[in-house]
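I opened the model to look up its surface, its confidence, its strands and its cores. My entries follow in the order in which I made them.

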Amino acid sequence: MAAPGAFLRRVAREWTRHARGIHDMRESVTPDSSQKRRTLLQFLSSYFHDIEVLREYLLRMEIHKMHWKNRPVSSIQEKYGPSIAGALFVLKQGGSVKFRDKEWIRPDGRGRFSSEFLEFQGVPVEAVDASGCAINYQGLDHLLPLKELRSLRLRRCPNVDDWCLGRLHPLAGSLQELSLAGCPRISERGLACLHHLQNLRRLDISDLPAVSHPGLTQILVEEMLPHCEVLGADWAQGLTLRREEQPRDTGSPVSA
Amino acid sequence: MFRRVLQLGLGPGRLTRGLGTRRGSFTLDWEAQVLEVKKKLRSILPGEPLELHDTSHLPPEHSDVVIVGGGILGLSVAFWLKKLEKKRDAIRVLVVEQDHTYSKASTGLSVGGIWQQFSLPENIQLSLFSINFLRNINVCAEHLAVVDAPPVDLKFNPAGYLVLASEKDAASLENKVRVQRQEGAKICLMSAEQLQNKFPWINTEGVALASYGMEDEGWFDPWSLLHGLRRKVQSMGVLFCQGEVTRFITSSSHMETSSREEVILKRIHEVHVKMDNSLEYQPVECAVVINAAGAWSGQIAELAGIGNGPPGTLQGTKLPVEPRKRYVYLWHCPQGPGLEAPLVADTSGVYFRREGLGSNYLGGCSPTEEEEPDPANLEVDHDFFQKKVLPHLAQRVPAFETLKCLMHPQVHSAWAGYYDYNTFDQNGVVGPHPLVVNMYFATGFSGHGLQHAPGIGRAVAEMVLQGGFETINMSPFLFSRFYLGEKLQDYNIL
């Protein structure tokens, strides 16, 4: 066997490459290439206590990495102000930022980005696109001081859950567009606390796997936010079609 | 095997010392031990009847801590004891629960709300600690994450908690909100017009002021928390036993206080755990007993001799926790409040919340002292809903008027559960008893034990392991306040 250090690193890399969020470490559905290695470790850990401790260690490391990415950057905040600190946080995670009257700042394929925004003192951040980033409840600390944020996109973020949505109410004054498409941990309970965002005009809640009844949720959210255009599941989704009739013609079987 | 028999004969000192360290006590009864070992060896040989008693269904004979009661408070204490111990597997913990189906336990029958709107700073801190715990329940590896198990889904609804106050209560509500904000809770005050704008389905007649939690308040599923905790606690090595505690074996010592008064201090040495449907019991030797028996804590305290004495003295002060029955009703109303409806607590004491996506609502009301139902069973009184709950509900939310006018009542179901009601001041008891020195309480929270359970568990574990409260100062919740007559009143009890 190779040196234990190299083995550990290889295992950890395999793990992290195929695990998008920490909970994927525990699920049984995996891509084929790591199927064997995952079940081998699982198999071994039911016989050897050392392997069990190793798996617990790897799990802890994953969680620690997520916390490290979302750590507060108070030194930057003091020096440059909350908008630039928030923008720096988003860019480091791999998202994009748009200041008012400026172009979108995106990191390139390697994660590098231009540092011209450090001179944008006093220019508010207008739009944040944190799609696919590992932002979580802790990391939202950096976005909440952006009082003039108009558009927030959190598509396919693996760590954004109902608790994070409950925290968005300070942005109610300015937020007009919110996109939550594809987030695996948002359910209809978190969507209920979006009612604070009264200025919202566009809300995207399509493709949320944890929402149990997408059609019904869509109707309830539309009722909750009357001035907002809600994109998401078609309300007829999940309803059985009658033979030779279009869903739109049968009328709404859901009350009110 | 023969070598072992030879060693038995040749090394008396070594064997007794060996046996002594394993059992934890030094014994001089050499003959009886040799006989016992010979009997065991003989029963292993084929052809002999297995005389070894099968004790796998009984709890162990020794345990460092015995927790009486396996509900949310007992499991929380077990979790924090194992989490805060200095070395791995340093403390043996046994949880004794009389009913593993939890059919009467208050945890499973609870409405599951969590809020920070209390008037005592300690209660607010407990709520904040608990909500942090619940938020990080899967994320921090320190909490309930177990490798290979699905994450705990609490089904938390962050819809908030809305308290409505009439004219006469408006000033005290403002003061309370100030205290809550000082402790760090995010509560906002709303006037009647703002309330009408925000929640158009409310009838604001009679409401002068309302306080609404913006974050970290709502309700969750108590069963998932209970099972998540149970799974984690089992993975940490805590033993579970289904049985009933019937007796405590105690010893007393006479001590003198500095003012020359005589005081009798008791210490519990053994807990007798009786198995279900049989007369068999197991004496469990223990160092610390934790009373987390919920509605039955009063009976457990009486078993330990708390309250046996002339009334008015410390010996005669009973644990004032008794079971009180509370009803919860589930009804359907298609035109009711929408998805944004919080847990609403009306001026009259009636509360309700939404349940699920299908226009179902849960709610109830605490009866007054005169109307207290008999806690002997968990039968539901449907008239209570019609007479006491529905009038106030319909007045506050006009959409619920439809519940009155229909032929068949729209109450889908109802259930009853116990509050571990503290008749003294409706707040919990935490910490050791002054006279029975190794019994610790974690009970009496009268309806908000579930939402404070993580914080209380940590406080009791810190008291047991470190001798004092460190995270949250729970000294106002000690038992001695019943004797000294200091009421710890919180005015936001549902």
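Entry 1: I took accessible areas from the Shrake-Rupley method with a 1.4 Å probe, and for residues only the protein chains shown count as cover. On that basis chain B exposes about 22,600 Å², with carbon and sulfur atoms supplying 52% of it. For chain A the accessible surface is about 13,800 Å², and 51% of that belongs to carbon and sulfur atoms. I call a residue buried under 20% relative accessible area, exposed over 50%, and partly exposed in between (1.4 Å probe, protein chains only). Of the 494 residues of chain B, 52% are buried; of the 256 residues in chain A, 47% are.

**Entry 2: ground rules.** This is a predicted model, in which local features need pLDDT of at least 70 and side-chain atom pairs count only at pLDDT 80 or more, while totals for chains, interfaces and linings use all residues. Residues are numbered from 1 along each chain as its sequence is written, chains are lettered from A and ligands numbered from 1 in the order in which they are written, and side-chain values use heavy atoms, with hydrogens and water left out.

**Entry 3: confidence.** The pLDDT is the predictor's confidence in each residue, from 0 to 100. Chain A averages 78, and 76% of the residues score at least 70. Residues 16-35 of chain A fall below 50, and that stretch has 37 contacts in the model beyond near neighbours in sequence. A contact here is heavy atoms within 4.5 Å. Residues 245-256 of chain A also stay under 50, with 13 contacts beyond four places in sequence. Where pLDDT is low, the predicted coordinates should not be read in detail.

**Entry 4: elements.** I counted helices (H or I, at least four residues) and strands (E, at least two) as DSSP runs, numbered from the N terminus. Chain A has 8 helices and 7 strands; chain B has 13 helices and 18 strands. Among contacts in chain B between residues at least 6 apart in sequence, 73% join residues at least 24 apart. The corresponding share in chain A is 64%.

**Entry 5: the sheet of chain A.** Two strands pair if DSSP finds at least two bridges between them. An open sheet of 7 strands runs in the order 2-1-3-4-5-6-7 in chain A, with mixed pairing. Strand 2 (104-105) and strand 7 are its edges, each pairing on one side only. Strand 6 and strand 7 of chain A run parallel and are joined by 3 bridges. A:Asp204 has A:Leu231 in strand 7 as its bridge partner.

**Entry 6: A:Ser131.** I found A:Ser131 in the loop between strand 3 (125-129) and strand 4 (151-153) of chain A. Is A:Ser131 buried or exposed? A:Ser131 counts as buried because its relative accessibility is 19%. Its side chain makes a polar contact with the side chain of A:Asp129 at 2.6 Å. (A polar contact is a pair of N or O atoms within 3.5 Å; within protein, one must be able to donate a hydrogen and the other to accept it, and residues adjacent in sequence count only if both atoms are side-chain atoms.) Beyond four places in sequence, A:Ser131 touches A:Arg153, A:Arg155, A:Arg156 and A:Cys157.

Entry 7: Strand 14 (residues 350-355) of chain B has 5 of its 6 residues buried. Strand 13 (residues 343-345) runs antiparallel to strand 14 and is joined to it by 2 bridges, with B:Ala345 opposite B:Tyr351. That hairpin has 4 residues between the strands, and B:Gly349 takes a positive phi near 95° in it. Strand 14 also pairs with strand 15 (residues 360-365) of chain B, antiparallel over 6 bridges, and B:Phe352 stands opposite B:Gly363 there. In this second hairpin, which has 4 residues between the strands, B:Gly356 has a positive phi near 75°.

**Entry 8: helix 8 of chain A.** The buried residues of helix 8 (residues 214-224) of chain A include A:Thr217, A:Val221 and A:Met224. Among the elements covering its buried residues are helix 7 (188-191) of chain A and strand 14 of chain B.

**Entry 9: cores.** I took a nonpolar core as a set of buried Ala, Val, Leu, Ile, Met, Phe, Trp, Tyr and Cys residues joined through side-chain atoms within 4.5 Å. The largest has 111 residues, and those with the most contacts inside it include A:Leu191, B:Ile67 and B:Ile290. Helix 4 (residues 72-84) of chain B gives the largest share of this core, 9 residues. Another core, of 31 residues, lies apart from it and includes B:Tyr329 and B:Leu403.
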